[in-house]
Amino acid sequence: MLAGEIIKFHRQRAGLTQEDLGKGICSVTHVSKIERGVTPYSSEIIQMFSERLNLDIDQEINRFANLGERLQHWHKTIIMQNMKEAEKIKKELEGIPISLSSSHAAFYELLLARLHLKKLELEQAEGILIHIQNDYPNLQAYEQNMLKHAWGIYYILRYRDSKAGNYHKAIEFLKDINMEEYGNHEYYYHLAAAYYWTNSKIAAYAYANKALVHFRETDNYIGAITAESLMLAQEGNDLQADFNELEKSYQRLIRNCDLLNLPNKKSLLLNNLGYEYWRRKEYRKAQTVLEEALGLVAKPSALYLQRLQNYLNACMEGKLLRKAVLLKRAREGMSMTKDLENRFYKIIFKLLILRIEDQSEQYYRYIENEALPYFLSISNAMFTNRFGKQLYQYFVETKQYEKAVQVSNIFIESIASE
């Protein structure tokens with residue numbers, strides 16, 4: 001029966017009809033029965049089919065028999081972020097009729113979604129996840145938890161893209177995972193990332209530390225760098241901490257990225273280190289590392305915009321670039337937000353331009369009427385707090401006390417919801 005299914009898969013893949021395949025060998029009816037596994041067949045017929053389809057049936061059967069083991073290896077390469085090997089295995093698996101086996105089909109599709117997520121191909125991943133959710137009602141326990149994990153990753157990445165979803169949805173999916181059934185401790189990192197972006201610092205650090213322990217135990221060097229990066233971002237929030245030690249930790253991870261040829265991770269670390277310099281008013285150092293971080297990111301992209309606004313903020317506050325240059329770069333960023341249809345960074349760059357132009361009144365009015373309501377609507381605690389505090393201070397200084405109280409209530413509600 002398996003041989004017949006494999007023949008059908010490769011016949012359809014080759015664009016042949018049953019009549020095309022059987023011509024000069026046997027009748028269409030006999031081809032149909034062989035493919036459906038309802039009639040015996042001779043080895044000679046199978047050999048002739050194989051030659052016409054240019055494949056080795058015995059080899060294909062062996063490949064299919066080892067499919068479960070191959071899928072597990074594919075999963076490991078995705079977790080280890082070995083993208084070259086993951087793409088190689090994907091190409092290999094595309095030639096195997098995985099859809100014939102209900103025991104492997106869902107797992108294969110879940111891994112395909114994970115690969116799309118790793119490559120930031122969010123629409124493709126979403127389509128697969130919806131398909132699995134709708135068409136596989138009886139998933140095994142492991143696959144059910146893997147589906148929740150994939151949705152969690154999706155919402156983390158989609159929120160960064162600022163088009164749909166939010167980190168709270170990611171947390172809902174990830175917290176619903178049963179670790180006794182799943183056992184994939186990689187998910188600790190994604191839970192840490194979701195908590196980080198909801199400004200839940202203690203939970204973010206705790207789960208990042210769990211992820212770091214797991215990644216070190218499994219020799220996942222890229223995962224370990226990513227988890228430790230998140231922990232350093234949390235440690236940087238303590239302005240009383242020993243910054244020299246924090247700086248050394250960043251430099252160590254940056255060197256590791258060079259050794260492992262990880263430009264994207266290096267860009268993240270440089271960006272975070274630059275942010276720490278900026279917060280400590282070491283603007284020249286901030287400019288240097290943020291400029292290097294910016295040069296490692298592709299454009300146009302949301303990630304490029306994030307790096308660019310950090311770079312321009314540091315240069316503006318440190319008075320390191322002329323106003324005309326700052327405005328030119330900021331307007332380039334604004335133009336990019338329109339091309340990407342990215343409302344989040346459109347708001348960020350509008351605020352940046354107003355600051356550069358010294359339009360103080362318009363700046364705070366824009367925070368009040370546009371920015372703060374938007375950050376609240378997408379449950380972005382980090383930016384709600386950042387710009388809400390600025391607005392509160394402005395209302396106090398301008399003696400608009402009623403509005404100051406209204407803004408302060410936003411912080412109370414934000415803290416209560418965490």
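**Note on a predicted model: loops, a helix pair and cysteines**

1. K319 is exposed, with a relative accessible area of 76%, in a model that is predicted rather than experimental. The residue lies in the loop between α19 and α20 (323-340), and its phi, near 55 degrees, is positive although K319 is a residue other than glycine.

2. A positive phi is also found at D358, where the value is about 60 degrees and the residue is again not a glycine. D358 sits in the loop between α21 (343-356) and α22 (360-377), and with a relative accessible area of 62% D358 counts as exposed.

3. The peptide bond that joins K299 and P300 is cis, with omega at about 0 degrees; P300 itself belongs to the loop between α18 (283-295) and α19 (302-317).

4. Helix α13 (residues 187-197) packs with helix α15 (residues 221-235) at an angle of about 25 degrees, the axes being 10 Å apart. Because angles under 35 degrees count as roughly parallel, α13 is described as roughly parallel to α15, and α13 passes α15 in a left-handed crossing. On the α13 side the contact is made by Y189, A192, A193 and Y196, and on the α15 side by T226, A227, L230, A233 and Q234. By residue class, the contact of α13 with α15 comprises seven nonpolar residues, two polar ones and no charged ones.

5. With a disulfide taken as a pair of cysteine sulfur atoms within 2.5 Å, the count comes to zero disulfides. Among the cysteines, C26 is buried, with a relative accessible area of 19%, a value to be read against the cut-off of under 20% for buried, while C257 counts as buried at 1% relative accessibility.

Conventions:
Residues numbered from 1 in each chain as written. Predicted model: local features only at pLDDT ≥ 70, side-chain atom pairs only at ≥ 80, totals over all residues. Heavy atoms only, no water. Axes fitted to C-alpha atoms, helices over the stretch in contact; angles between N-to-C directions. Helix = DSSP H or I, 4+ residues; strand = E, 2+ residues; numbered from the N terminus. Parallel < 35°, antiparallel > 145°, perpendicular 65-115°, else oblique. Left-handed = near helix turned anticlockwise from the far one by under 90°. Contact = heavy atoms within 4.5 Å. Nonpolar A, V, L, I, M, F, W, Y, C, P; charged D, E, K, R; others polar. Buried < 20%, exposed > 50% of the residue type's maximum accessible area, 1.4 Å probe, protein only.
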